Amino acid sequence: MSDAQIEWDGIHYPYVAPKQLDIDPSVRLHREADDEIDPVTHEILRYMLWSVNLEQGNTMLKISGSPIGAYGHDFNPAILDEYGDSVLMGPFLQFLSGAVNSGVKWTLENRGDNPGIEEGDIFLANDPWMASTHQPDVAVMAPVFVDGQVFCWVANTLHQWDLGGTAPGGFNPAAEDVFWEAPCIPPLKVVEGGVIRKDVEDLYARFSRMPKLVALDLRALIVGCRVAVERIQDIVERYSATTVKACMRKLQDDSEAAFVRRLDTVADGTWSAENWIESKQPGDRGLYRNRLELTKKGDRLTLSNRGSHPQIGAINCTFVAWAGAIMCMLTSQMLFDQMFVTEGARRHVDFDLEPGLINSATRPASVSGAPPGVLQMTTGLAELVISKMLATSTDPELRTEVQSVMGAMSYPQTSFAGKDQRGNDFTGFFLDPLGAALPAFSWRDGEDTGGYSWDLQSTMPNVEDTELFYPVLYLWRRELPDSGGAGRYRGGNSAEWAVTPHKTDSVRMLNVTSQICLPAPGIFGGMPSSTHRYQLVKGADPLGRAGRGEVMPTSIDEVEGEHRWLFAKSFDDRVEDGDVWICGWSGASGYGDPLLREPAEVETDVAAGRVSEPWARRAYGVVVGDAEATETLRAEIRAARIGGEPARKVAAPDPEGRSYGEGMVISDSGFSCRHCGEELGGLDANWKAEIAKSRELELTAANPIIREPDIYTDEQVAYREYYCPGCATMLDNEVVVAGSAPEADSRIRL
Amino acid sequence: MGYFVGVDIGGTFTDCVVLGEDGSLAQSKVSTTPKDLVEGFVGAIEVAAGELGLSLEELLTQSHQVLHGTTVATNLIVQLNGSRTGLITTRGHGDALLIMRSAGRSMGLPIEKMLHVSRHKKPQPLVPPDLIQEVTERVDFAGDELVPLAENEVREAVAKLKDRGVESVAVSYLWGFVNPGHERRTAEIIKEIDPDLYVTCAHELSPRPGEYERAAATAINAYVGPDSAQYFNRLDETLQAKGYRNQVLIMQASGGVSPAADAAEKPVYTIGSGPVAGLAGTSFVSRQAGHPNVIAADMGGTSFDVGIIHEGEPMRESSQVINQYTISMPRLLIESIGSGGGSIIHVDEFSKTLRVGPESAQADPGPACYGRGGTRPTITDANVVLGMYGAEGKLSGGLRLDTEASWEAMRTVAEPMGMDPVEVAAGAKRIVDSQMAELMRQLTIERGLDPREFVPYSFGGAAGLHVSGFTAALGVERAVVPLGNLASGFSALGVADSDLLHIQSHAQLISSPFDPAELTAVFERLESEVQAQLESEGVDPEDIELSRFAEMKFSLQIHQLVIPVPGGTLSAADTADLESAFIQRYEDTYGKGSAFADAGLQIGALEVHGRGRTSSPDLRSSERTGGGAPEPVGSREVYWPELAERRESAVLAGPGLTPGDRFEGPAIVEYPSTSVAIHPGDSAEVDGLGNLLIEVGGK
C-alpha cells in the first residue's frame with residue numbers, strides 16, 4: 001500500500017501526530033509567552049514544576065497504594081504544553097514517555113467539538129494505537145485552564161491490575177488478535193466540569209475482574225492530576241501565565257539546544273541493529289525479526305522499522321510503544337543532564353514507519369504483550385544504534401555514553417498462580433528480573449544486577465517479600481557468573497533464582513518473554529549477552545535431600561531430577577511438590593574485543609566469582625596467575641581467528657585518530673583498524689563482507705550460558721565473528737539467523 | 001544539685017550543655033580532637049563545669065546522667081575505615097548484600113543525577129565476596145525449620161574468615177528474625193572458636209522481613225562495631241575514673257538514648273543520630289514553647305535536613321540510606337537535600353540560567369569567603385555579598401570573613417551572565433529559599449499534613465539568614481529561631497534531654513479478623529523484654545513508659561501505617577477500634593476514598609516502645625524584662641532581594657536581647673554562632689526561653 005493511502009489516525013493505522021494539529025476552534029489554546037524570562041525566576045519555576053510533577057506522581061501512588069506502581073515503578077507523571085508537547089516527564093518508567101504526548105494530541109484533534117474540551121474535564125485512555133504502550137497502562141490527561149484557555153496539560157499513567165480480556169492481568173500469550181485482550185479505550189471524558197461521570201466510571205470498572213481496585217486506581221490517577229492542575233494554576237496566579245509559559249518554552253528550548261549541540265559533534269550516517277522475537281504463541285518455534293535503523297543528517301534523526309517481520313501472533317507492539325522505547329534511550333544517552341525534559345530530542349526526530357510490522361502493528365493485531373517483548377527489545381536496539389552514532393562524536397565526554405545492550409533485552413515475564421500457603425487463591429508475577437544489569441560502556445564495565453536504564457530506581461523484591469506472600473521457597477538467588485557479555489569492558493552480570501513450591505501442592509507458571517534462544521548483540525567486538533535460562537526439574541526433592549544430610553542444591557548443576565527446558569511463551573508449566581523451577585535472566589552484552597581487556601581485570605573478576613576460569617581462557621585468553629601463558633594463549637586465539645599468524649602486531653592506538661568504537665578509526669578515506677592501521681574500506685562500504693576475516697561458529701560459542709538453539713527453534717542459527725585481517729582484533733560479531741548476510745550496520749558520512 | 005550533661009561531637013566542634021535540676025543551663029564549645037575524641041569530650045565538660053564554678057570531678061560526681069551524641073560510627077562507614085568484616089548467611093543467598101536489590105546503584109542520588117545512567121554505580125562492597133560465607137540451614141516464613149544448621153559448615157566458615165584476617169562477623173539468615181535459633185547457635189560457635197571476634201546477629205538488630213536491609217544493617221554494625229565499642233568503653237572508663245557513677249548514654253537515631261554497653265553492641269543505631277539530636281532539641285524547646293506541630297529545619301554547610309514533629313511526637317521511619325545502602329532500623333524521619341551554606345552557585349551550560357547546588361564546596365575549601373582557596377561562589381558568599389554578614393564579621397569558630405573573595409567569586413558567575421554580583425547573590429538566595437520550602441512542603445503534604453498548621457524551627461549555622469525566606473515561600477506566617485544564644489549547643493541540648501528508649505518488635509503477617517488474645521500475648525512478651533532491659537539499666541519502674549503500636553496495611557496495597565494500640569488485655573472491641581483507627585488514619589494520610597477495606601487488613605509487625613524517663617528539667621523561663629524595642633548596636637546596608645535594593649538596616653546583638661523585646665525588620669541579629677535576618681515587613685519578638693519568634697509578613 002502506498003503511503004498516500006494511509007491514514008495515521010489511530011483507527012486502523014497508528015496515530016502519528018501531524019506537525020500542525022487540527023483543533024476545533026472552540027478549544028482556545030493559551031499560546032502567549034514572555035520573550036524573556038529572568039534567569040532566577042526561571043530556576044525557581046523550573047524547580048517548582050519539578051516539584052509539581054513529583055507531587056502529581058506521588059499523590060497518585062499514595063491514593064492507589066498499588067504495588068505495581070510502588071515496586072514495579074510501572075507509572076509515570078507528565079506535564080505537557082498546550083499542544084501536548086512534553087515539558088517534564090517524571091523519573092519513573094521512562095518508556096511510558098511519549099504515550100501521553102500522543103494521547104493529548106489525539107484528544108486535541110478529535111475531542112474538541114464533541115464532547116468538547118473544557119475546564120474541569122479529564123480524559124482517560126488506554127488505546128495502544130494512540131495513547132498507551134499496551135492496554136493495562138491507563139493514562140488520564142487533564143487540560144489546565146487559565147482564563148478560559150488551555151494553558152497546558154498534566155497526565156498520569158499507571159499499570160492496572162486487570163481490565164478484562166481472556167487472561168487475568170492482561171497478558172495472553174495465545175491471543176490471536178486484540179479482541180482476546182482488554183478493551184482499548186480511546187480518549188474518553190471521565191471527568192466533566194470537575195465531576196467524575198458515574199456512567200463512565202461504572203463502564204470502565206465493569207471491564208475488570210477486580211472492579212473495586214480498578215476504581216480506586218482511577219481515583220488515584222484523577223486526584224494526582226487534579227493536584228497538579230491546582231498547583232500549576234496557583235503558580236500561574238503568582239508568576240503570571242506568560243512567565244510560566246516562558247519557563248516551559250525555555251525548558252524545551254534548552255533541552256533542544258543541548259540535543260542539537262551534541263548532535264553537532266557526531267557524523268552523518270546510518271546505523272542499524274536487529275534481533276529476533278521468539279515464538280509468536282505457545283508451541284511456536286519461529287523467530288521474528290525486529291529491526292531498527294537510525295539515520296542522522298544534519299540536525300535531524302530518522303528512525304525506521306523497515307525490514308522487521310510483519311505483525312503476527314501475540315508478539316506485536318504499536319507505534320506509540322515503539323517510539324517510547326526509542327525516545328527513552330535518546331533521553332538517557334543524550335539528555336542525561338536535562339532533568340527529564342525530553343522535548344529537545346523529540347523536535348529532531350522523524351519516523352520512517354512501515355505499518356503492519358511487529359513494531360508498528362495495525363488494528364486488530366494482539367498488542368498487549370508488547371512491553372516485555374518488542375518494546376523492551378527496541379530499547380536495546382535503540383541503545384545500540386544511538387551508541388554507534390555517538391561513537392563518531394568528536395566530544396570525548398559524549399562518547400562516554402557509548403554502550404552495549406543492557407541486561408535483559410526482553411523481560412522474563414512469568415506469572416504464577418495457585419493456592420497459597422494460607423489456602424487462598426493467588427496470582428502474581430515475579431519481579432526478580434527488575435535486577436537486570438547495566439550495559440558495558442566505552443570506559444567502564446556494566447554494573448552487575450544494576451537495574452534497567454529505563455527504570456532509574458528499579459528494585460527487586462526481597463526473597464522474604466515473595467516467600468511471605470506466595471507459596472514458594474527460594475533455593476537460591478545469586479548473580480550469574482559469565483552472564484555479562486565478554487569484552488574490553490564486560491557487560492553487567494545478571495542473576496538467577498530457583499524456587500520450589502512450599503506449603504502448597506503445585507504452582508502454575510505462564511511465560512511471556514523472548515531472548516531464551518538468542519542473546520543480545522555486543523558492540524564493537526564485545527561479545528553477546530547470555531540468554532534467559534528457564535528450567536523445570538521434576539522430582540528434585542531439594543528439601544528432602546537436604547534433610548537427609550545430602551547437599552542442599554543451590555546451583556543448577558546440583559539439582560538432581562529430570563531437567564526440562566521451558567519456552568518463551570507458555571501457558572501452564574506446572575511446578576509440583578519437590579520440583580524446582582529455575583530462571584536466570586540474561587546479562588548485558590560486552591563492549592570491544594575481550595582480548596583487549598587487561599588480564600589483571602579478568603583475574604579480579606575470576607577471583608570475585610564474576611567470570612569462570614574456563615570462560616576467562618576461552619573469551620579473554622587469560623590463564624589466571626600466569627602472564628606468560630596468557631600471552632601465548634592470546635596469540636593462539638588471534639591466529640585461530642584468522643587462520644594463521646597475524647601479519648601485523650597490535651599497537652597502542654594513535655591518539656590523533658578519530659576512533660570509532662574500540663576497534664576502528666574513521667577518516668575521509670574510510671574505516672581502518674585502530675590497533676594496527678589496516679585499511680578496512682570506505683565508510684559507506686560493507687567492510688564485514690568485503691575485507692574482514694570472519695568465522696562462523698556455533699551460537700553456544702558466544703556465551704557459556706547459551707544453549708543449543710535447536711531446543712527452541714527450527715531456524716538455522718549461528719554466530720559469526722569479524723576480525724581485522726591485519727592483527728585479528730575482533731571488530732564486530734553477529735547472530736546469524738537463516739544464513740543472513742554480513743550487515744553493513746554503520747554507514748558514515750564525514 | 002544534680003546535673004544532666006549533654007555532649008555532642010561534630011566534625012569541627014564539641015558542644016556541651018549542662019542542665020541543672022533548677023532549670024539552669026551552662027554550655028561550652030571546644031574544638032573536636034579527632035585523634036582522641038575523648039580528650040575533647042572531657043575538655044568540653046570541664047569548660048562547662050568552670051562556667052558553673054565547679055571542677056570537672058565535682059560536676060561529674062553530681063551528674064545524674066552524661067548523654068552523648070556521636071558520629072563515630074557514621075564516620076567509619078562514610079570513610080570506609082571500619083573493621084575487616086565477614087558475613088555468614090544462608091546457602092544460596094550470599095549475594096543479597098552485593099545485589100543490593102539492584103537499587104543500590106542509584107539509591108540516595110539527588111534527582112539531578114538520577115537520569116545519568118552511565119554514572120550509576122554500586123558502592124564498594126562492605127563485605128568483599130570472599131568474606132561472604134554460606135552455610136546450609138533453612139527456616140521458612142513461619143519459622144519452621146526446614147533444614148537444620150550444618151554446624152560443621154559454620155566452623156569451616158569461621159576458620160576461613162579467620163584465615164582471611166576478619167575481625168568482626170555478621171550473621172544473617174533468611175527468616176532468622178522469626179526463628180533465631182540458627183543465628184544464636186552460630187554466634188555460640190563463633191565465640192567458642194574465638195571469643196575475641198566481634199559478632200553481630202541480624203535478629204537482635206533488626207527483626208524485620210527483608211533479608212537485604214537486615215543483612216546490610218548487620219554487616220554495617222559488624223563493620224563499625226569493634227572501633228565504636230572501643231570508643232564507648234574507653235569513654236565510659238574515663239568518666240568513671242573522674243567520678244561519674246552511671247553509664248554514659250549514647251544518642252540513637254531512634255531519638256532516644258541507650259547505655260554505652262548497649263551501644264557498643266549495636267553501634268549501627270547511632271548512625272544518622274547527628275541530625276536526630278537537633279530534632280530532639282527542637283522537640284525539647286517546642287514542647288515548652290507550646291508548639292505541637294513543628295517543621296525542624298537544620299541548615300549547615302553541606303545539607304538542609306528537615307524533620308517533622310506532629311502533635312508533639314517526632315515522625316518516625318524504619319530505614320535509612322547510608323552510602324547507597326538501605327538499612328532497616330528505627331529512626332526519626334529526617335529528609336535532606338544538598339542545600340547548605342556551601343552549595344555552589346553556577347550557570348547551567350545550556351540554559352544559561354542560575355543554578356544552586358547540588359555540588360557543594362564542602363568544608364574544604366569551603367566558601368570563597370573562608371579564604372581557603374575556594375574560588376566558586378556559594379550561598380554563604382551570596383550572604384556576604386548581600387551584606388547579611390558584617391564586613392568585619394566572623395563566622396562561627398572565629399573564622400574571619402574574606403569579603404573580597406566572595407565578591408570576586410560572585411563576579412565569575414555574574415559577568416558571563418551580564419548581571420550584577422548582587423543580583424546573582426539575591427537570585428541564588430531566592431532559589432535556595434524556594435527549594436527548601438519545596439522540601440518542607442513535600443514532607444508534610446505527602447503525609448496528609450497541611451504545612452500551614454506547622455511552625456518552622458530553624459537552626460544550624462546557616463539557617464538564620466534563610467528562615468524568613470523559606471517560611472514565606474512555604475506560605476506560613478511564623479517561624480522560630482530557637483534559644484538565640486544557646487542555639488549553637490542545640491544538638492547537645494537535645495541529647496541532654498533525651499530519654500532511654502528501647503524498641504522491641506515482632507514481625508509476623510496477621511490478617512484480619514484479628515485475635516485479641518494473640519495480639520495481647522505478643523505485646524506482653526515484648527513489654528516484659530523492654531521492661532526487664534530498662535530495669536537492668538537502673539530505671540525506676542515508675543519512670544518506665546510503655547507504648548504499643550501495630551504496623552498495618554490493606555492487603556493488596558503498599559502503604560503501612562503505625563497505629564497506637566491500648567495497653568492491657570485486648571478485647572474484641574479493642575481490635576475493632578484498631579481496625580477503624582487504621583482506616584481513619586489511612587484516609588487522613590492518603591486521602592478520602594483511598595481506603596480499600598474490601599481487600600482485608602493486615603498487621604505486618606507489632607512493636608513496643610519502652611521509654612525510661614530521665615526527668616531532665618525544663619529550661620528556666622525568664623520573666624519578660626524587655627518589652628520595648630532593643631537598642632541596635634549598629635547598622636549597615638543590606639541588600640534585601642524583595643526590595644531589590646540596599647537599605648540601611650539595624651544590627652542587633654543577639655546576646656543582649658532580653659525576653660519581651662520586640663522589633664521590626666529590616667534588621668540583622670548577630671549571635672556568636674549564627675546571624676538571623678529579619679526581613680523588611682517581618683517583626684520579631686524574644687520569648688522567655690530566649691527564642692526568637694519571627695512573624696513573616698509583607699512578601
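Predicted model: local features only at pLDDT ≥ 70, side-chain atom pairs only at ≥ 80, totals over all residues.
## Ground rules

Local features here need pLDDT of at least 70 and side-chain atom pairs count only at pLDDT 80 or more, while totals for chains, interfaces and linings use all residues. Residues are numbered from 1 along each chain as its sequence is written, and chains are lettered from A and ligands numbered from 1 in the order in which they are written.

## Where chain A meets chain B

On chain A, 69 residues are in contact with 61 residues of chain B (contact: C-beta atoms, placed from the backbone, within 7 Å). H1(A) gives the largest share of chain A's side, twelve residues (helices are DSSP runs of H or I, at least four residues, and strands runs of E, at least two, numbered from the N terminus). That side splits into 33 nonpolar, 20 polar and 16 charged residues (nonpolar: Ala, Val, Leu, Ile, Met, Phe, Trp, Tyr, Cys and Pro; charged: Asp, Glu, Lys and Arg; polar: the others, Gly among them).

## H1 against H7

Within chain A, A:Thr41, A:His42, A:Leu45 and A:Arg46 of H1(A) meet residues of H7(A) including A:Cys247 and A:Leu251. By class, this contact between H1(A) and H7(A) has four nonpolar, three polar and two charged residues.

## A three-stranded sheet

Chain A also has an open sheet of three strands, ordered E25-E26-E27, with antiparallel pairing (strands pair if DSSP finds at least two bridges between them). E25 (693–697) and E27 (730–737) of chain A are at the edges with a single partner strand each, so one side of each has no neighbour in the sheet.

Seven bridges link E26 (residues 717–723) of chain A to E27(A); A:Tyr719 has A:Val735 in E27(A) as its bridge partner.

How values were computed: Contact = placed C-beta atoms within 7 Å.
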